[in-house]
Amino acid sequence: MGIRVTGPTLEDLFKNAAQSLMEIIIKKRPAGKRSLFSLSVTGDDLPDLMVRWLGEILYLFEGDSKVVMDMDIDAVTETRIDATVHTVPFNPTLHEVVTEIKAVTYHRIEVVREKDGWQATVIFDL
Amino acid sequence: MNISLEKIDDYRWLIPQTGAMHVPGLVFANRELIRSIQEDQSLTQVVNVAMLPGIVGHSLAMPDIHWGYGFPIGGVAAFDMDEGIVSPGGVGYDINCGCRLMTTLLRGDDIHPFMKEKDLVSALFRNIPSGVGSRSPIHLSRSEENQVAVMGAEWAVKRGLGTPRDLERTEDHGAMEGADPSVLSERAIKRGHDQLGTLGSGNHFVEIQVVDQIFDPEKARQFHLFEGQVTVFIHTGSRGFGHQICDDFLKEMSKSAHSGHASFELPDRQLACAPLTSDLGRRYLAAMACAANYAWANRQILMHWTMEIFLKTLSLRPEELGMNLLYDVCHNIAKKELHQVSGKATMVCVHRKGATRALPPGHPLLPQVYRPTGQPVLIPGDMGTHSYVLAGAPGAMERSFGSSCHGAGRVLSRTQAVKQAKGRAIHRELEDRGIFVQSRGIRTLKEEMPEAYKDISQVVDVVVGANLATKVARVRPLGVIKG
């Protein structure tokens, strides 16, 4: 399974990709007690940065049992992204998990500039 | 990419060595399977693997091959220990995903009332942690997790969750050498602490079966298999622990390649790798061994709990149930093994991703009990169809670095399967055929429906035709639990 997301800016692209990832995992995301924290990720290039960024979002859920509800992208370049991430604790009675994503892969990873902005294609291991 | 194929015989097809390939490719398939194999990218991936440094022999494809991340699933490749590489993509995210088969003294009729009323399936479903986000009643401390990573299945046996006999009947005795927990990331440790003793989701399962055909009466007798017998298959791996380890090292190897340490260009980022002689390569193997051992401990624990559930639900004494491990195999692993390369006995690193080791009779790595027969090779079918018990044959050592297929192989992606299953009640379709299924995820049943997979009997026929293994018995499902 994968996603193809677009965004007029790189900030929108990375935000849309993260939100798409969470929407695949969890169907219902009601609000809970929110936490905010800073997340910075570096990569070798844009495709690598996208895989690592989504890998961090996935780890928040898989490793820390935190559901990412929203985020503000503070800055993004071709090799670094800084964001403020809004999370709530994972609650199995409130959050309906639809699909288990085991990893974000490099398979056919693509981040390209289009006429109206950016497009990314990412494949997940289920 | 159009990959040209040359037929060698009814079961083998050669991809000639061209361009940047260091060796030719070799696909085990019949005429019908080769057509479906050509429809996805798996042959391109076989060619990509052939470009990796230090590969020896052939870049191999089993008959259940389909596209994967980097290496195809159903791919086997061996690398020279001095010149070659190790690649996490050649093992897979689910390190030591594998299966074990347990025999019993029961016949299908003995448990029919408990299947009809779904007592046994429900009891397994309630008591075996499975599904997305499932947590185990076992919560490991840091030092316990380190012990599991080194001891593997023995860790469980020492806690009364099995016997030493089980270890003898597990590949590598249930623990790979060289595991080193000090190379693991905090994230891997964290993900492993409460998943030991969980089934997982997707194509992982516990299946109750009955032996419906014996092909080799003598080997079946030595495997303690008989027609009409109840058997149980468990299929699972190293859970989030293994996934995190694969992810950690893929990223580190990818970074290393980008910073110019690689002397060649990767045809696919997912093939990120490191020389076997490098510190990074050695650390990956040490971490991979930790994950492999975790998976063996996992399957050992799940087997013990399954036995307890059978005893309680059927109100039997252990000697009446007689549940014993036939064998446990891994099908996602990299191993240092001795093989003939250009006529010389050579230590190589064999990557099996969605492929099963298949050692012939007499092989020194086999436990004494299986030296006369060859290694039991367990081939689980997809949900709702047959599974097979094979025995390793000499052709495997000659042709496939001691390897065989691992299952049926997907023909539909999970997304395609869900689309095709729209409007269908898969569990009801299976029930109409006498197979009772309980799954935590409705989507899982659709993703795993029988049409999503190749015809396993064809896959097995190719393996047998190519003399990689021989048929011993076939089992059919009675009940399944899935995550």
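In chain B, 60% of the 483 residues are buried, where buried means that 20 or more other C-beta atoms lie within 10 Å of the residue's own, exposed means 12 or fewer, partly exposed is anything in between, and C-beta atoms are placed from the backbone. Keep in mind that this is a predicted model, in which local features need pLDDT of at least 70, side-chain atom pairs count only at pLDDT 80 or more, and totals for chains, interfaces and linings use all residues. Residues are numbered from 1 along each chain as its sequence is written, while chains are lettered from A and ligands numbered from 1 in the order in which they are written.

Let's stay with chain B for a while. Chain B has 17 helices and 19 strands, both being DSSP runs numbered from the N terminus (helices are H or I with at least four residues, strands are E with at least two). Its radius of gyration is 21 Å, close to the 23 Å that the globule rule gives for 483 residues, so chain B is as compact as a globular protein of that length. That radius is taken over C-alpha atoms, and the rule is 2.2 Å times the number of residues to the power 0.38. Along the principal axes, the C-alpha atoms of chain B fill a box of roughly 65 × 50 × 50 Å. Of the contacts in chain B with a separation of 6 or more, 77% are between residues 24 or more positions apart; a contact here means C-beta atoms, placed from the backbone, within 7 Å.

Now look for a sheet in chain B. Seven strands form an open sheet with mixed pairing, in the order β1-β2-β3-β4-β5-β13-β12, and two strands count as paired if DSSP finds at least two bridges between them. At the edges stand β1 (6-9) and β12 of chain B, each with a single partner strand, so one side of each has no neighbour in the sheet. From one strand to the next, the twist averages 25°, with axes fitted as lines to C-alpha atoms (for helices, over the stretch in contact) and angles running from 0 to 180 degrees between N-to-C directions.

Strands β2 (residues 12-15) and β3 (residues 25-28) of chain B run antiparallel, joined by four bridges, and B:Leu14 stands opposite B:Leu26 in β3(B). Further on, six bridges join β5 (residues 73-80) of chain B to β13 (residues 344-353) of chain B, again antiparallel, with B:Val76 opposite B:Arg352 in β13(B). Strand β12 (residues 332-341) of chain B is antiparallel to β13(B) too, through ten bridges; B:Gln340 has B:Ala345 in β13(B) as its bridge partner. The hairpin of β12(B) and β13(B) has two residues between the strands, and B:Ser342 takes a positive phi near 50° there. Helix α2 (residues 42-49) of chain B lies across β2, β3, β4 (55-66) and β5 of chain B, at about 165° to β4(B).

A couple of loop residues in chain B are worth a look for their backbone. Most residues other than glycine have a negative phi. B:Phe401 has a positive phi near 50° and sits in the loop between α13 (394-399) and β17 (403-404) of chain B. This residue is buried, with 26 other C-beta atoms within 10 Å. B:Asn467 also has a positive phi, near 60°, in the loop between α17 (456-465) and β19 (469-482) of chain B. B:Asn467 counts as partly exposed, with 16 C-beta neighbours inside 10 Å.

On to chain A, which has two helices and seven strands, running β-α-β-α-β-β-β-β-β from the N terminus on. For 126 residues a compact globule would have a radius of gyration near 14 Å, and chain A agrees with 14 Å. Buried residues make up 42% of chain A.

How do the chains meet? The contact takes 21 residues from chain A and 21 residues from chain B. On the chain A side, helix α2 (residues 46-62) gives the most, with five residues. That side has nine nonpolar, five polar and seven charged residues, where Ala, Val, Leu, Ile, Met, Phe, Trp, Tyr, Cys and Pro count as nonpolar, Asp, Glu, Lys and Arg as charged, and the others, Gly among them, as polar.

Finally, the inside. The largest nonpolar core has 195 residues, and those with the most contacts inside it are A:Met50, A:Leu54, B:Ile245 and B:Met288. Such a core is a set of buried Ala, Val, Leu, Ile, Met, Phe, Trp, Tyr and Cys residues joined through C-beta atoms within 7 Å. Helix α11 (residues 279-314) of chain B supplies the largest share of this core, 17 residues. Leaving out residues up to four places away in sequence, B:Met288 touches B:Val91, B:Ile95, B:Ile245 and B:Ala334.

Methods
Two residues are in contact if their C-beta atoms, placed from the backbone, lie within 7 Å.
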